[in-house]
Amino acid sequence: SRSCRRVRTLLKYEHCRAAHESHRCAHSSLRPQNLSSLPLCPHCCTLVSGHSWTTNTMRAVLTIRRATARAVKRCMATTPRTLQQLVEHAEDPDLIKAAQRAHVELSDRVEEQVARCTALEATAPTNRDLGTLTALYKGVATELAAGDEIAAAARASDADIAALHRSFKSIEERHSSFVPSVVDALREGNVPVSAAGLLEDLLAAHIGASTVLRNHLLAHAPELENPGATLAAPPAHGTGAARLDAKLINVVGAAVGDAQLVCEHAYDLADPPPVSIADDGSAAACVPAHATHVVRELLKNALVATIEKHVAKHGPNSDAWDEELPPVEIALAASTISIVDHGGGLEDPDALLRIRPDLSSRYDRLDEPGGSYNSGSQKPISGVGMGLPMSKLYAAHYGGALTLASAEGGAVATLELPTDGDRPEALPAAPD
C-alpha cells in the first residue's frame, strides 16, 4: 500500500521485529516456491542466522530482494518530508542507518523524476535539451543503483558508507546543471504552453530531492564539504540544511551584500545602493539557503528597478546625480519579509512568478559568451528568466508563500515563512 514506507524501512533496516506480524505485505508472494526449503524470512527475504551462504543462495536472495523492491516502488509515492523530519534526520547519531535511509528515499524520488522528465520530453520530441534533462536523471538513477546492496545490507562498513557518500556528492554535482538545462530547453522555444505545469512539477520535485541530499551531506558527511582543507580536521557531525528557528535578520543579511555588490558593479556606482532594514527579531522555520536565495532575487530586482528609474531621470553617470538613490526598504516582522522599492509598478505580478514557455526570449544563460546578464536587453542586469519562478517554488516548498504587488511609486514583494516545522513539503503528485 502507499502507506507502507515506514514498514518498508523497518523491514530493510531493523530485520523482522514486530513488522512481520503487523504488516504481512502481499509483496512476499514474489518469493519463488522452489526456494521454500530455504530458511528465508517470508517478508523481506533475509536469510536467517545459522544458515550457510552459497553462491546460488546469495543470487536467489538478491533476485528476490530486487524484485520485491521494484514491486514496492510501483505501489508507493514519495512521502513528503517536513522541516522537523529533516532536522531529526540530521541529528540521527546512527550514520549507517541515516545513509541507508537517504539512499532509499533519493532512489524513490529520482525514479519519479525520470518518469516526469520522460513525459516532458514527449511534449517536444525535437527539443534536445529536454532529452538532456532525462539523461541527467537517468544517470543519477544509475549511480544510485550502484549503491543498492549497501543500502539494503543488514550490516555496512565505514568504507561502504564512505562510498555511498561519495556517490551522493557526485549526484549533487550532477544536480547543479539541472536548472541551467531547463533554461536551455525553454530558450529553444518549442516547449508547448501546456507543459508549463509539468515543468513546475519537475522543478518542485527537484528542490525536494536536492534538499534531502544537501541535508544529509551537511549533517553526515561534513568532510566532503571542503575536501582540500588541511588546516583543521572536519567535524565528526555537521548541521543539516533545515532550521526550526532561523533568525530572519541572518537570512536577509546573507542576501543584502550580494545584491548590492552585483548592482554596484553593473551600474558603476560610487557606493552600494542603499538598503534599510527594520527588524523585530522574528524567526521562522525554513531552509535558510532557500530563503536567502529568494530574498537575494527579490532584492536584486528591487534595486535594479530603483536604479533604472533613477537613471531615466538623472542620466547614467552616477557621479553627476544631484539626488541620492532612494533606499529599498526591508521589514522583518512575524516570520514575514517585506521588500518595498520605489522603482515603478508591476504590470502583471502573477505572470512574473510563472514559467512561460511561450516567452522563450525571456530565458538566457549567464555563461553564454557576450550574453551574460543581458537576455537581449540593454539593461546591465536582466537575468535568466528563472529567478522569480524558482523563488516562488522555494518559498512554497515547506509551507511559505511569495507574492508581488504594485505599490505607490513602486512595488512590494512579500515572503511569508512558516513558524513551525510540521508542514509537509509541497511535492507534486506521483507520475502515472
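The largest cavity holds about 90 Å³ of space. A cavity here is a set of points, on a 1 Å grid over the protein atoms alone, where a 1.4 Å probe fits but cannot get out; the volume is the space filled by probe spheres set on the points, with grid points joined across faces, edges and corners. The count of cavities of 30 Å³ or more comes to one. Rolling a probe the size of a water molecule over the atoms shows where empty space is left.

Two or more lining residues come from each of β3 (283-286), α12 (288-314) and α14 (387-396), and α12 gives the most, with three residues. By class, the lining has twelve nonpolar, three polar and no charged residues. In this classification Ala, Val, Leu, Ile, Met, Phe, Trp, Tyr, Cys and Pro are nonpolar, Asp, Glu, Lys and Arg are charged, and the others, Gly among them, are polar.

## Basis and confidence of the model

This is a predicted model, in which local features need pLDDT of at least 70 and side-chain atom pairs count only at pLDDT 80 or more, while totals for chains, interfaces and linings use all residues. Residues are numbered from 1 along each chain as its sequence is written, and side-chain values use heavy atoms, with hydrogens and water left out.

The average pLDDT (the predictor's confidence in each residue, from 0 to 100) of the protein chain is 80, and 73% of the residues score at least 70. The pLDDT is below 50 over residues 71-76, a stretch with 17 contacts in the model beyond near neighbours in sequence; a contact means heavy atoms within 4.5 Å. Over residues 229-234 the pLDDT is also below 50, and this stretch has two contacts beyond near neighbours in sequence. Where pLDDT is low, the predicted coordinates should not be read in detail.

## Overall architecture

The protein chain contains 14 helices and seven strands. These elements are DSSP runs numbered from the N terminus, with helices (H or I) of at least four residues and strands (E) of at least two. Of the 432 residues in the protein chain, 47% are buried. Buried means under 20% relative accessible area, exposed over 50%, and partly exposed in between, with a 1.4 Å probe and protein chains only. Among contacts in the protein chain with a separation of 6 or more, 74% are between residues 24 or more positions apart.

## Aromatic pair

The model has one aromatic pair. The ring centres of Tyr137 and Phe178 are 5.5 Å apart and their planes lie at 80°, so the pair is edge-to-face. Rings of Phe, Tyr and Trp (its six-membered ring) pair if their centres lie within 6.5 Å; planes under 30 degrees apart count as stacked, over 60 as edge-to-face and the rest as tilted.

Because Tyr137 belongs to helix α6 (residues 128-145) and Phe178 to helix α9 (residues 178-188), the pair ties together parts that are 41 residues apart in sequence. Tyr137 is buried at 0% relative accessibility, and Phe178 is buried at 0% as well.

## Buried helical residues

Arg109 is located in helix α5 (residues 95-123) and is buried, with a relative accessible area of 4%. Leaving aside residues up to four places away in sequence, Arg109 touches Thr78, Thr79, Arg81, Gly208, Ala209, Val212, Glu425 and Leu427. The C-alpha atoms of Arg109 and His206 are separated by 8.6 Å, although the two residues are 97 residues apart along the chain.

Ile207 belongs to helix α10 (residues 196-220) and is buried at 3% relative accessibility. With residues up to four places away again left out, Ile207 touches His290, Met390, Leu393, Tyr394 and His397.

## Exposed loop residues

Asp268, in the loop between α11 (248-266) and β2 (275-279), is exposed at 64% relative accessibility. Its phi is near 55°, a positive value in a residue other than glycine. Ala270 lies in the loop between α11 and β2 and is exposed at 54%; beyond residues up to four places away in sequence, Ala270 touches Glu264, Ser318 and Asp319.

Ala334 is found in the loop between β4 (328-333) and β5 (336-341). The phi of Ala334 is near 50°, a positive value in a residue other than glycine, and Ala334 is exposed, with a relative accessible area of 60%.

Key
On a 1 Å grid over the protein atoms alone, a cavity is a set of points where a 1.4 Å probe fits but cannot get out, and a pocket is an open set with protein on both sides within 12 Å along at least five of seven lines; lining residues have an atom within 4 Å of a point.
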